[in-house]
Amino acid sequence: MSINEKIKNKQEEPLRILVIAASARTGSLNAKLAQLTATVISERGAIPDLKSITEFECQSFNQDVEKESGIPSGADRLRKCLLENDAFIIVSPEYNASMPGNLKNVIDWVSRFRPQPFNERHALLMSASPSMAGGNRGLWSLRIPLEHLGTRVYPDMFSLAMAHQAFTNENRIANDVLAKRFEANLDAFMSLVEAAKHYPCMKKAWVEFLGERPDPVTDRIES
Ligand SMILES: Cc1cc2nc3c(=O)[nH]c(=O)nc-3n(C[C@H](O)[C@H](O)[C@H](O)COP(=O)(O)O)c2cc1C
């Protein structure tokens, strides 16, 4: 098959996007926003893969546990979901101006797989909170481990402020301007993922600390 034919075939495949609702709480505002995200993705003709963080639950990270019993099944489920989809979206609450502990915990577990599954994936971050900042500080903390692991985190993030009053009964964003902003953010991200799918970036190696003197004791690298 020629390269042009391969590109054409890929263009005909719909995008697949993993959407993770990072709060397990009944009536979660972030789960609502994740559900709306999945709905809009479907409306655009792409395929959402909506998952709750509960599906990726793991015990607290401990290298002794890893040595004795390997990486937990919750982390392996997330690894598979990352690989089965073209990109991922995390819709996460903010806890104490940071990300929830269970979310960081599963990121740490998944980072132990080789090939390292976050590398080269595209991600969009969203949050919802009753507060005026919408949980945005939590997303800044979430960017750090993801970018460290080679994920291309989309520059624009969406944080829904006063989220307890923000939804209609049909689970849409009530304010028209905000609803448009939300959809525009999602559309822009999906365009980038579409482009990346057809024109993959040249970067291949994941080196944890690029400038570090090569040493097998400290190296976390793959090519
Ligand atoms: C332990 C804890 C810490 C929280 N810290 C923050 C915070 O720093 N900023 C914020 O906007 N909301 C904070 N909240 C409030 C959450 O935003 C609110 O409970 C939200 O509804 C949680 O998301 P969910 O509805 O998806 O479960 C905190 C809640 C808990 C339980």
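Biologist: Let's start with His-122: buried or exposed, and at what relative accessible area?

Modeller: This is a predicted model, where local features need pLDDT of at least 70 and side-chain atom pairs count only at pLDDT 80 or more, while totals for chains, interfaces and linings use all residues. Residues are numbered from 1 along each chain as its sequence is written, and side-chain values use heavy atoms, with hydrogens and water left out. Buried means under 20% relative accessible area, exposed over 50%, and partly exposed in between (1.4 Å probe, protein chains only). His-122 is therefore buried, because its relative accessible area is 10%.

Biologist: Which element holds His-122, and which residues does it touch?

Modeller: Helices (H or I, at least four residues) and strands (E, at least two) are DSSP runs numbered from the N terminus, and His-122 sits in strand E4, residues 122-128. Contact means heavy atoms within 4.5 Å. Not counting residues up to four places away in sequence, His-122 touches Ala-87, Phe-88, Thr-151, Arg-152, Phe-189, Leu-192, Val-193 and Ala-196.

Biologist: Over to the cysteines. How many disulfides do you count?

Modeller: A disulfide is a pair of cysteine sulfur atoms within 2.5 Å. The sulfur of Cys-58 has its closest cysteine sulfur in Cys-81, and at 12 Å that is too far for a bond. By this rule the number of disulfides is 0.

Biologist: Are Cys-58 and Cys-81 buried or exposed, and at what relative accessibility?

Modeller: Cys-58 counts as buried because its relative accessibility is 13%. Cys-81 also counts as buried, with a relative accessibility of 7%.

Biologist: Now the ligand. Which residues come nearest to it?

Modeller: A residue is near a molecule or strand if one of its heavy atoms lies within 4 Å of it. There are 14 residues around the ligand, and the ones that come nearest are Ser-23, Arg-25, Ser-28, Glu-94 and Ser-129.

Biologist: How does that shell divide by residue type?

Modeller: Ala, Val, Leu, Ile, Met, Phe, Trp, Tyr, Cys and Pro count as nonpolar, Asp, Glu, Lys and Arg as charged, and the others, Gly among them, as polar. The shell around the ligand divides into 5 nonpolar, 6 polar and 3 charged.

Biologist: What polar atoms lie by the ligand, and what share of its accessible area does the protein cover?

Modeller: A polar contact is a pair of N or O atoms within 3.5 Å; within protein, one must be able to donate a hydrogen and the other to accept it, and residues adjacent in sequence count only if both atoms are side-chain atoms. Polar side-chain atoms of Ser-23 and Ser-129 each lie 2.7 Å from an oxygen atom of the ligand, and a polar backbone atom of Asn-96 is 2.8 Å from a ligand nitrogen. Of the 620 Å² of accessible area that the ligand has on its own, the protein covers 70%.

Biologist: Arg-25 was on your list. Where does it sit, and which backbone oxygen lies by its side chain?

Modeller: Arg-25 is in the loop between strand E1 (16-21) and helix H2 (29-43), and it is exposed, with a relative accessible area of 51%. A polar atom of its side chain is 3.2 Å from the backbone oxygen of Gly-27.

Biologist: Which peptide bond is cis?

Modeller: Most residues other than glycine have a negative phi, and most peptide bonds are trans. In the loop between helix H5 (101-110) and E4 you'll find Pro-115. With omega about -5°, the cis bond joins Arg-114 and Pro-115.

Biologist: What is the phi of Glu-120, and of Asn-171?

Modeller: Glu-120, in the loop between H5 and E4, has a positive phi of about 70° although it is not a glycine. Asn-171, in the loop between strand E6 (158-160) and helix H7 (176-198), is another residue other than glycine with a positive phi, near 60°.

Biologist: Which residue's backbone oxygen does the Asn-171 side chain reach?

Modeller: Asn-171 is buried, with a relative accessible area of 18%. Leaving aside neighbours within four places in sequence, it is in contact with Lys-32, Gln-35 and Leu-36. At 3.3 Å, its side chain reaches the backbone oxygen of Lys-32.

Technical notes. Areas by Shrake-Rupley, 256 points an atom, 1.4 Å probe, with all protein chains shown as cover.
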